[in-house]
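Thank you all for coming. Please take a moment to look at the sequence and the model on the screen, and then I will walk you through a few of the features.

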Amino acid sequence: MRPDGIAVLDFGGQYCHLIARRIRELHVFSEIVPGDVDAEELKALEGHMALKGLVLSGGPASVYEPSAPRLDKRILDLGLPMLGICYGHQLLAHLLGGEVRPREAAEYGIAMARIIRPVGVLEGLGPVERVWMSHKDQVVSLPSGFEVLAETDSCPIAAFRDPSGLIYGLQWHPEVVHTQNGMKMLENFVFKICGCRANWRMEDFIPRAIEEIRQAVGPGKAIIALSGGIDSSTTAVLAAKAIGDRLHAVFIDTGLMREGEVEYVKRVFSRLLPNLHVVDAGEEFLGALRGVRDPERKRRIIGEVFIRVFERVARQVGAEYLLQGTIYPDRIESGARRFSEKIKTHHNVAGLPSRMEFKAVIEPLRDLYKDEVREVARRLGLPDEVVERQPFPGPGLAVRIVGEVTPEKVEIARKADAIVRGEFERAGVARGLWQYFAVLLDTRTTGVRGDKRAYGYVVAIRAVESKEAMTASFAKLPWDLLERVATRITNEIPEVVRVVYDITHKPPATIEWE
């Protein structure tokens, strides 16, 4: 039986895949398609799902820009319920005869929405709702017959619907956790407006992924780029189930790893995987990064060196395919979708070199979020120390060192990171955090040591709470814990004279500094 489904039209917003993820949390199938998909392509989705409605995502463009993504107007004649979010909200109003104008100043962050009519997607909400805004333009007049459902102090048309009750627009983002009742809004749309049934389950993913790997590799061999993190670990176990001992797991010690990382990988994965290769390539990576300060160049260089080392191992073992643990946030932040704005290059996505010896790069987790990956890992029986491990960037400490990467800075960053992790874990706060780490800044400041002037580095501590890494909130940690960490860092690492705590949410910041 085909599952009921919602198509999410991608207009380039960084939260696009989060919309699809939220719909899947309701056990309704969702699929992302380009924003300029035509009506015939949408109808073709009926081959694998019962299409019940459409969500138009946000995006970085303005509806009046000549290159702005457009909607095939024939889609409006399909009779499907539609929900426009942010850019999608503006685009629907514009196409149907309303007016959109630029704001004097962009609006980012929390806003309080007054619910004028709690109907449709807003059914069951209170008179005032906390919502998350992220926009430069806004709707200033509606198409004929449409009604305003909500407003804010600075946005008089924050939500609307058409006379039929099938087309809705929200200027805010219901998909992000900062919108207090965002899931209720999506639930209203999916079940009450679209009439979907909750007939799709995540556990169906595992057999599909195993079969995808088996079909892609065929009778050949493959290597998995194993980092020790949850994404590559889950990919490795899926691949081992698919092709058995024709899989070779390759862990590259870049010289940019956390303290104890190599020992951890050897201990855990020598038991889980058939062929484990640990390659020491620290001098190669540090040499390639010498003199490089720009974070985008760092990521591209690291991606290139990774591939060249993997190619060497692949030639030795006769492997022709490369498996990676790439997940969706990696791809969306690298601008991998048609209308996406690139936030930063990920070494395993846009950082890959254009020429590689592999027949194909296989990424079975490419459409999943971190929490979905953890669910898959648990179902595969991975141990808790793997499932609950905090994310660590593929480029390692290179993107936690602002500016040029040198052996001295790597050692400082590694020691600071070990202190942060150790203290947070001893204090019992680590379990509730998404990530917690130290960043070495490319800044020196004046300090005092032994009654003498000192001039040393600044370390920033970053700790965030998140569900899926597309949005995050800084953690409100106990002051005594932060004081203890800062004291240890400045006492045990003489090159550091100042420690600061990053209290910025994502957005506007990213979780990592580079």
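This is a predicted model: local features need pLDDT of at least 70, side-chain atom pairs count only at pLDDT 80 or more; totals for chains, interfaces and linings use all residues.

Ile110 lies in strand E5, residues 99-115, and is partly exposed, with a relative accessible area of 46%; buried means under 20%, exposed over 50%, and partly exposed in between, using a 1.4 Å probe and protein chains only.

Residues are numbered from 1 along each chain as its sequence is written, and side-chain values use heavy atoms, leaving out hydrogens and water.

Turning to the sheet, there is an open one of 5 strands in the order E12-E11-E10-E13-E14, with parallel pairing; two strands pair if DSSP finds at least two bridges between them, and helices (H or I, at least four residues) and strands (E, at least two) are DSSP runs, numbered from the N terminus. Strands E12 (276-280) and E14 (360-362) stand at the edges with a single partner strand each, so one side of each is left without a neighbour in the sheet. Strand E10, residues 222-225, is joined to the parallel strand E13, residues 321-323, by 3 bridges, and within this pair Ala222 stands opposite Tyr321.

Finally, which salt bridges might we look at? A salt bridge means a side-chain nitrogen of Lys or Arg within 4 Å of a carboxyl oxygen of Asp or Glu, and a search of the whole structure finds 40 of them. One of them joins Arg21 and Glu372, at 3.5 Å from N to O, and this pair links helix H1 (residues 16-25) with helix H11 (residues 370-380), the two residues being 351 residues apart. Arg21 counts as buried at 10% relative accessibility, and Glu372 counts as buried at 1%. Another joins Arg366 to Glu212, with the closest N and O atoms 2.8 Å apart; Arg366 lies in the loop between E14 and H11 and Glu212 in helix H5 (residues 205-217), so the pair ties together parts that are 154 residues apart in sequence.
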